[in-house]
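Trainee: I would like to go through this structure with you. May we begin with one of its acidic residues?

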Amino acid sequence: MARYLCVHCHFYQPPRENPWLGAVELQDSASPYHDWNERVAAECYVPNGAARILDEAGRIAKIVNNYTRISFNFGPTLLSWMECNAPQAYERVLEADRQSQQSFSGHGAALAQAYNHIILPLANSRDKATQVIWGMRDFQHRFGRDPEGMWLPETAVDLETLELLSSVGLKFTILAQHQAGRMRRQPWEEWLNLEGTGIDPTHAYTCYLPSGRSISLFFYDGPVSRAVAFEKLLCNGQNFANRLLSGFNDERPWAQLVHIATDGETYGHHHAHGDMALAYALDYIGRNRLARITNYGEYLAQHPPSHEVEIVEKSSWSCPHGVERWKNDCGCNSGGCGSWRQHWRRPLREAMDWLRDDLATSYELSTQELLRDAWAVRDDYINVLLDRSSSNVDAFLARHAVRTLSLEEQVRILRLLETQRHLMLMYTSCGWFFDDLTGPETVHVLQYAGRAVQLSEQLFGESREEEFLRRLEGAWSNIADYGNGRHVYERFVRPAMLDLLGVGAHYAISSLFDGYHRWRSMYGYRVDLQEARVLESGNTKLALGRARIISNITRARLTVGFAVLHFGDHNLSAGVRPFQSKNAYGVVVEEASQAFSKADLPECLRVIDRHFRGATYSLKSLFRDEQRRILSQIVHSTMDEAEAMYCQVYEHHAPLMRFLSELHMPQPPILRTTAEFVLGSALQRALADKELDLDRIRLLLDTARQDGVNLDISCLESALRQRLNAEVERWARKPGDPETFQMVEDLISLSRVPPLEVNLWKPQNVYYQLVEDLSGANQTRMNSSWWNHFRGLGSWLGVAVPQRATELPCSPQ
């Protein structure tokens with residue numbers, strides 16, 4: 001009988017966006033990357049779009065898009081981030097779904113996912129429906145087709161969820177083997193109880209639902225999936241292929257489907273080079289026709305279910321206790337601290353349930369006179385999340401409002417919908433998955449709750465925060481210093497809260513360094529500068545002005561007046577308050593300007609304190625990324641002064657250092673540090689120069705080697721890689737340009753000079769694409785000299801290159 005193989009990857013990261021900014025802020029724990037999304041993308045999502053298959057000599061024989069040969073789902077919130085921050089990987093994912101439809105009888109590789117990964121059996125019916133609708137609409141928007149199946153977060157399932165999937169036209173979902181309760185072949189046969197035994201995963205099943213509907217279910221191969229995720233099976237592509245093939249049994253009389261499901265991050269992030277093992281295994285199996293690579297949609301269409309199954313109600317793939325991991329101290333945790341308990345899970349969920357239910361009533365009452373159907377509007381709000389352009393938001397409001405809305409009413413409706421969005425984001429599953437209340441994932445869901453609380457106060461004029469905190473008091477951290485949920489909220493959530501006045505403070509301070517422009521965009525806000533003046537004296541500056549702050553999300557707006565005094569370096573004080581009147585603003589301008597013109601900085605400070613009492617800010621008030629950027633500017637100017645001094649010291653003592661090195665004597669620490677700083681800075685500048693001086697770069701590297709200087713290789717590698725990637729992109733556009741080609745050759749040659757170790761991933765991709773583009777008739781575009789250089793470059797890049805131009809391969813199928 002026929003053999004079919006399907007590898008499913010569940011790609012997901014929790015939404016990490018700051019609830020007040022709508023952007024992921026700097027996360028030092030992800031260094032050298034900006035944040036964990038960026039790091040996981042670099043280690044997994046990007047490599048899987050261009051995975052290497054090596055030959056016997058360890059050279060790159062093929063570069064393939066893994067997404068075209070697997071089944072996958074990406075979390076909608078992750079795809080939203082990728083679209084803006086990893087666009088090439090995002091396009092490879094979309095392209096793969098289009099290609100897979102051609103390969104798999106019209107069935108795409110991509111599956112939808114419930115929107116922000118909440119545990120659906122623990123959600124109320126309204127939230128379940130919105131999560132599925134948002135997940136489907138997001139999928140349709142990105143992939144341009146209807147999804148056939150949907151991935152359930154943590155494969156957590158109950159009958160109500162399956163009813164919902166079936167009612168919206170979804171054909172199937174994927175579960176773990178232990179989530180099958182019992183099965184039978186024919187309606188008149190006795191049920192076979194599967195508890196403790198597991199179900200045969202090699203074909204599809206039908207689950208008949210109480211409504212009379214049905215849905216198909218696939219149960220992935222648990223042992224092989226666990227081996228991939230936890231048993232280092234991806235260390236060797238051949239072993240991986242063999243283990244996949246071991247799932248087949250020639251005694252089975254049906255068309256067998258061997259399929260596995262794991263977190264997609266397994267292939268590259270959790271296991272380095274797992275993307276290569278996946279690429280090799282699928283290539284090996286397909287090339288040798290050991291099984292037909294397929295996806296769920298194609299297999300289901302060709303081999304409809306012949307067995308009936310009933311699920312284990314409220315079960316999941318990652319908790320043997322059902323869905324208790326997301327509401328109770330069931331014993332499941334990440335294993336980091338064995339003595340820790342998770343008693344905090346229940347009071348955290350109960351507090352959030354109270355907040356959701358309490359605000360649901362207010363939401364319904366507040367929309368009665370403005371909207372036709374409050375919950376239908378929420379379901380349709382996904383169309384605004386996908387396109388926040390002013391025209392689209394106008395059309396959305398017109399579609400649902402009972403009459404023409406004033407600006408104030410528009411703001412109210414958008415705030416109500418943002419409240420509802422954050423009331424769902426706060427249920428993101430990762431908030432309960434790990435070990436402690438103070439974990440970053442749990443703090444983040446608390447911040448989403450905090451944003452909902454803040455919006456409710458702006459809407460209804462009454463505070464729910466105190467009651468919410470009272471309920472959080474029952475959630476205790478395992479770390480005594482952090483106390484309970486109230487303390488965690490007050491420590492991590494409240495200081496992160498932002499209002500339009502805070503945005504105005506950020507604008508006023510950051511613009512002192514960047515310039516005050518008529519219009520400026522900042523995250524989810526824009527600023528209309530109405531007036532500004534900047535006075536300077538030496539290193540000190542005084543900025544005075546007024547500006548209108550507008551939220552792109554809710555259309556709320558506030559005009560503020562500001563005064564910023566900068567003494568130089570990090571010493572800065574600012575005052576920001578709602579604009580009162582031109583007369584009041586004029587008084588501030590006059591008093592502050594007079595004090596500054598007299599160089600009376602203490603009096604200038606007193607003016608700010610007097611007129612902006614209780615509303616003063618400093619560099620600590622800046623958003624984290626902007627704070628880091630501006631402080632880097634300040635530090636850079638200081639470093640320029642320090643570098644000049646260090647250069648003098650180094651030049652004066654370089655002969656002595658060289659002499660000590662020749663005698664193999666250790667360098668005095670102060671001289672060694674000086675040399676590392678001076679030579680490292682010189683190399684970084686040389687790599688950034690528009691006119692690249694390769695001889696000077698090699699001389700500096702040689703000097704460092706001779707003097708026994710240990711350079712900061714990571715910084716040099718980054719600088720050289722960025723320069724090389726930029727030149728490679730230019731070369732890809734004009735491969736026949738001799739100057740650009742020579743520059744690429746020189747840079748790759750430089751990358752081979754010890755101690756440099758440059759990541760050649762992008763140059764390899766460009767080179768391999770050129771091999772494909774110039775195959776066949778196109779190879780006559782280049783002369784023999786060019787081909788000789790091209791082959792030599794391939795050898796340096798570790799790409800297997802045919803010896804003669806006529807051997808260049810066509811694009812692999």
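Mentor: Asp-689 sits in the loop that joins helix H23 (669-688) to helix H24 (694-706); helices are DSSP runs of H or I with at least four residues, numbered from the N terminus. This is a predicted model, in which local features need pLDDT of at least 70, side-chain atom pairs count only at pLDDT 80 or more, and totals for chains, interfaces and linings use all residues. Residues are numbered from 1 along each chain as its sequence is written, and side-chain values use heavy atoms, with hydrogens and water left out.

Trainee: Which residues form the negative surface patch with Asp-689?

Mentor: Glu-691, Asp-693 and Asp-695 form it together with Asp-689. Patch residues have over 30% relative accessible area and no salt bridge, with like charges joined within 9 Å. Asp-689 has a relative accessible area of 39% and is partly exposed, a class between buried (under 20%) and exposed (over 50%), with a 1.4 Å probe and protein chains only.

Trainee: Now Asp-436: where is its place?

Mentor: Asp-436 is in the loop between helix H15 (430-433) and helix H16 (440-460).

Trainee: Which side chain of opposite charge is nearest to Asp-436?

Mentor: That is Arg-345, 9.8 Å away; Asp-436 is buried yet has no salt bridge, meaning a side-chain nitrogen of Lys or Arg within 4 Å of a carboxyl oxygen of Asp or Glu.

Trainee: And what does the side chain of Asp-436 make a polar contact with?

Mentor: The side chain of Ser-477, at 2.8 Å.

Definitions and conventions. Patch = residues over 30% accessible without salt bridge, like charges linked within 9 Å, V, L, I, M, F, W, Y side chains within 5 Å. Areas by Shrake-Rupley, 256 points an atom, 1.4 Å probe, with all protein chains shown as cover. Lys, Arg positive; Asp, Glu negative; His and termini not counted. Charge placed at Lys NZ, Arg CZ, Asp CG, Glu CD. Helix = DSSP H or I, 4+ residues; strand = E, 2+ residues; numbered from the N terminus. Polar contact = N/O pair within 3.5 Å; in protein donor to acceptor, adjacent residues only side chain to side chain.
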